[in-house]
Amino acid sequence: MYVGVDEAGKGPVLGPMVCAAVRADPATLPDDVDDSKRVAPERRQAIAADLREREDVTVAVAFIEPAEIDRPETDMNTLTVHGQARAVSRVVEPDDRVLADAGDTSESRFARRLAEFVGEERAEVDERDDESDDLAVDAHHGADADDAVVGAASIVAKVARDARMAELDAVHDAFDGVGSGYPSDPTTREFLSAYVEAHSDVPACARRSWSTCDDVLAAAEQAGLDEF
């Protein structure tokens, strides 16, 4: 058995980054498991639900919330490793192999850091300090498209993030939708502008360290000055 791990939502200005780990035999996974971006939304939801229900598959999800993303002492590469490690540590068994979609320009560095952080996560739970010694970890760019188990993790992460965005949409039902959360999404930018106009600040679900939030706040301030 081995564990595949990936994340969704690294770049959005709204909502969490979601990391997912799937422990499975790749031979037992559906033939159409792939990088989540290449799987239709309805099919993603069906695959994710099936994986969670199966007794021969173990799934774990870790959420990296905006407040953690905004901490000045961290960066997205480190957060990605930490998030993946949290998910992996909840499903991995001794002698498992771990394969990650690399979230760093250096695949080897990402794999090394992931092994270290998984060891730390497992040591905290099991009160042992040698948990990473027997853990084989590899990381490759594009692993979500090349490996079925990493593809399954990609799908689980994407479905979990989409569900959270739907929840945020429902919470902010006074507005015309929050959109995908990505800065390039006009609906997301319109939501942020409308929210700032109504509340003089960005919402709690926003990554306020993103330049998009700075732009929206600056535009609102300028609009206020123009009224005088």
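Two strands pair if DSSP finds at least two bridges between them. Strands (E, at least two residues) and helices (H or I, at least four) are DSSP runs, numbered from the N terminus.

The model is predicted: local features need pLDDT of at least 70, side-chain atom pairs count only at pLDDT 80 or more, and totals for chains, interfaces and linings use all residues. Residues are numbered from 1 along each chain as its sequence is written, and side-chain values use heavy atoms, with hydrogens and water left out.

**Exercise 1.** Find the pairing partners of strand β2 (residues 17–24) and state how its two faces are covered.

Solution.
- Step 1: β2 runs antiparallel to strand β1 (residues 2–8), with 7 bridges joining them. Within this pair, E7 has C19 as its bridge partner.
- Step 2: β2 also pairs with strand β3 (residues 58–64), in the antiparallel sense and over 7 bridges. Here R23 stands opposite T58.
- Step 3: In a regular strand, side chains alternate between the two faces of the sheet. One face of β2 carries M17, C19, A21 and R23, the other V18, A20, V22 and A24, and all are buried. Buried means under 20% relative accessible area, exposed over 50%, and partly exposed in between (1.4 Å probe, protein chains only).

**Exercise 2.** Classify R54 and E116 as buried, partly exposed or exposed.

Solution.
- Step 1: R54 lies in the loop between α1 (41–53) and β3. R54 counts as buried because its relative accessibility is 18%.
- Step 2: The side chains of R54 and D56 make a polar contact at 2.8 Å (a pair of N or O atoms within 3.5 Å; within protein, one must be able to donate a hydrogen and the other to accept it, and residues adjacent in sequence count only if both atoms are side-chain atoms).
- Step 3: E116 belongs to helix α4 (residues 107–126). Its relative accessible area is 41%, so E116 is partly exposed.

**Exercise 3.** Compare the span of helix α6 (residues 148–171) with the expected span, and identify its N-terminal cap.

Solution.
- Step 1: The expected span is 1.5 Å times one less than the number of residues.
- Step 2: For the 24 residues of α6 the expected value is 34 Å; the distance from first to last C-alpha is 35 Å, close to that value.
- Step 3: The cap is D147, with a side-chain oxygen 2.9 Å from the backbone nitrogen of V149.
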